[in-house]
Amino acid sequence: MILFLLACSDSLMVDYDPYAPAGSDPDDDTGVFVDTAAEALDEQWSDARLVLESPLSASFIPYGDDAAFVAKVYDAQGTLTDFSDITWSSDVDTDWSIIGNDLVNNGLDVGTHSITAEASLPNGDRLASTVGGVLVQSIYAGIYVGELNINVSGEYDGQEVAVGCSGPLTLVVDAYGEVATGEAGCLLSLFGYDLDTTYLFDLQNDDGAISGEAAIDLSWFELPVATEGSLSEDGELEGGFAADVYGYLALDGEYTASLLTRDLSTVE
C-alpha cells in the first residue's frame with residue numbers, strides 16, 4: 001500500500017546546493033548558481049568615475065591652514081553618488097594621508113605636491129585621480145623686490161652733510177615663513193667720493209613682525225644695524241633702521257618690497 005501511494009503521488013524535486021553563496025540564485029538555463037548580490041553591485045558601480053574637485057592643479061595651500069580636499073564619485077549615467085570613503089595621499093609627504101571629504105587642518109609639509117584621491121568601490125573596483133603642482137608653504141614665503149632709501153646727515157670737519165641714495169632691494173622669505181635674507185645697494189656720494197654701499201639683511205619673521213639686522217657694508221668695514229618692520233599676508237614688506245656712524249653722521253634707512261613670486265625653486 002505504501003509503495004502504491006509513492007508511485008502515484010506527484011514527485012517534488014528540489015534543486016539545492018549547500019555550497020551556493022548567500023544572495024545567489026541558479027541560472028535558468030544552466031542551473032549554475034550566480035552571485036546576484038555581486039551582479040547588483042557591478043551594475044551599480046561599473047563605469048563609475050572619480051572627479052577631484054579640490055585642490056586644483058597648480059593651486060596654493062598656505063602651510064598650516066585648513067584646506068578643502070573634495071573628490072566625488074559619479075555613476076555611469078553621470079549621477080552623483082553618496083560615496084565619500086576617499087583616501088588622500090601625497091608624493092612628497094609620504095607620512096600624510098586623510099580619509100573623506102572635508103575642510104581639514106591638512107598637516108601637509110611644505111613642498112610642491114602631487115595629490116592623489118583614491119576610492120575603493122563596493123564592487124571591488126578602484127578609482128584614482130591625481131593633480132600636480134600643489135604648492136604648500138607659508139603665506140609669507142616667496143621672493144620680494146622693492147627699494148631701499150638711505151639718508152645721511154651730520155657734520156664732519158666743519159662741513160654740513162646731507163646726502164641720500166636709493167637702490168633695488170631683493171629679499172627671500174623661506175618656505176616656512178620664518179627667515180628673510182637678501183640685500184640692497186645704492187651709490188652714496190659723500191665727501192666727493194661715490195661709495196657703492198651694500199646692505200645685507202638677515203631677518204626673522206614672527207607672524208608678520210620682522211626684526212633682525214641690516215649690516216651696512218662699506219667695503220672697508222661692515223656696520224651691523226638693528227632693523228624692524230612688518231610683513232603682511234598680502235605680500236607687502238616694509239621696515240627701517242637708523243645708525244650712528246662713529247658719532248659724525250646719522251644714517252637712516254627705509255625699505256619697502258612686494259611679493260614677486262611664491263616660487264622658491266630658483267633660490268639656492
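**Entry 1: Glu 53 and its partner**

I started with Glu 53, which is partly exposed, with a relative accessible area of 31%. This is a predicted model, so I am reading coordinates off a prediction. What does Glu 53 form a salt bridge with? I found Lys 72, and the closest N and O atoms are 3.7 Å apart. That passes, because the cut-off for a salt bridge is 4 Å. The two ends belong to distant parts of the chain: Glu 53 is in strand E3, Lys 72 is in strand E5 (residues 66-74), and 19 residues separate them. I looked up the cover on Lys 72 too, and it is partly exposed, at 29% relative accessible area.

**Entry 2: the other salt bridge**

How many salt bridges does the count come to? I get 2. Glu 118 is partly exposed, with a relative accessible area of 25%. Arg 126 is exposed, at 53%. I checked that label against the cut-off: exposed means over 50%, so 53% gets in.

**Entry 3: the disulfide**

I went looking for cysteine pairs and noted 1 disulfide in the structure. Cys 165 and Cys 186 form it, with their sulfur atoms 2.0 Å apart. Where do the two cysteines sit? Cys 165 is in strand E12 (residues 159-173) and Cys 186 is in strand E13 (residues 179-190), so the pair ties together parts that are 21 residues apart in sequence.

**Entry 4: around Ala 117**

Next I clicked on Ala 117, which lies in strand E9 (residues 111-120). Its relative accessibility is 0%, so Ala 117 counts as buried. Which residues does Ala 117 touch, leaving out those up to four places away in sequence? My list has Leu 50, Leu 52, Ala 71, Ile 86, Thr 87, Trp 88, Leu 127, Ala 128 and Ser 129. I also took the separation of the C-alpha atoms of Ala 117 and Val 131: 8.9 Å, for residues 14 apart along the chain.

I turned to the backbone and found a cis peptide bond between Ser 54 and Pro 55, with omega at about 5°. Pro 55 is in the loop between strand E3 (49-54) and strand E4 (60-62).

That loop between E3 and E4 also holds Ala 58. Ala 58 is not a glycine, but its phi is positive, at about 65°. Its relative accessibility is 63%, so I put Ala 58 down as exposed.

Asp 47 went on the list as well: phi is near 65°, positive in a residue other than glycine. I located Asp 47 in the loop between helix H2 (36-45) and E3. With 66% relative accessibility, Asp 47 counts as exposed.

**Entry 5: a nonpolar patch**

Which residues form a nonpolar patch on the surface? I noted Tyr 156, Phe 191, Tyr 193, Tyr 246 and Tyr 248, with about 620 Å² of accessible area together. I looked up one of them in more detail: Tyr 156 is in strand E11 (residues 142-156). At 37% relative accessibility, Tyr 156 counts as partly exposed. That is enough for a patch, because the cut-off there is over 30% relative accessible area.

**Entry 6: the whole protein**

Time to zoom out. I have 2 helices and 19 strands written down for the protein. It has 268 residues, and 34% of them count as buried. The protein exposes about 15800 Å², and carbon and sulfur atoms supply 50% of that. I also looked at contacts with a separation of 6 or more: 49% of them are between residues 24 or more positions apart.

Last, I checked the confidence. The pLDDT averages 86 for the protein, and 86% of the residues score at least 70. Where is the pLDDT below 50? I found that over residues 1-23, a stretch with 8 contacts in the model beyond near neighbours in sequence. Where pLDDT is low, the predicted coordinates should not be read in detail.

Conventions
Residues are numbered from 1 along each chain as its sequence is written. This is a predicted model: local features need pLDDT of at least 70, side-chain atom pairs count only at pLDDT 80 or more; totals for chains, interfaces and linings use all residues. Side-chain values use heavy atoms; hydrogens and water are left out. Patches are made of residues with over 30% relative accessible area and no salt bridge: like charges are joined within 9 Å, nonpolar side chains (Val, Leu, Ile, Met, Phe, Trp, Tyr) within 5 Å. Accessible areas come from the Shrake-Rupley method with a 1.4 Å probe; for residues, only the protein chains shown count as cover. A salt bridge is a side-chain nitrogen of Lys or Arg within 4 Å of a carboxyl oxygen of Asp or Glu. Helices (H or I, at least four residues) and strands (E, at least two) are DSSP runs, numbered from the N terminus. Buried means under 20% relative accessible area, exposed over 50%, partly exposed in between (1.4 Å probe, protein chains only). Contact means heavy atoms within 4.5 Å. A disulfide is a pair of cysteine sulfur atoms within 2.5 Å. pLDDT is the predictor's confidence in each residue, from 0 to 100.
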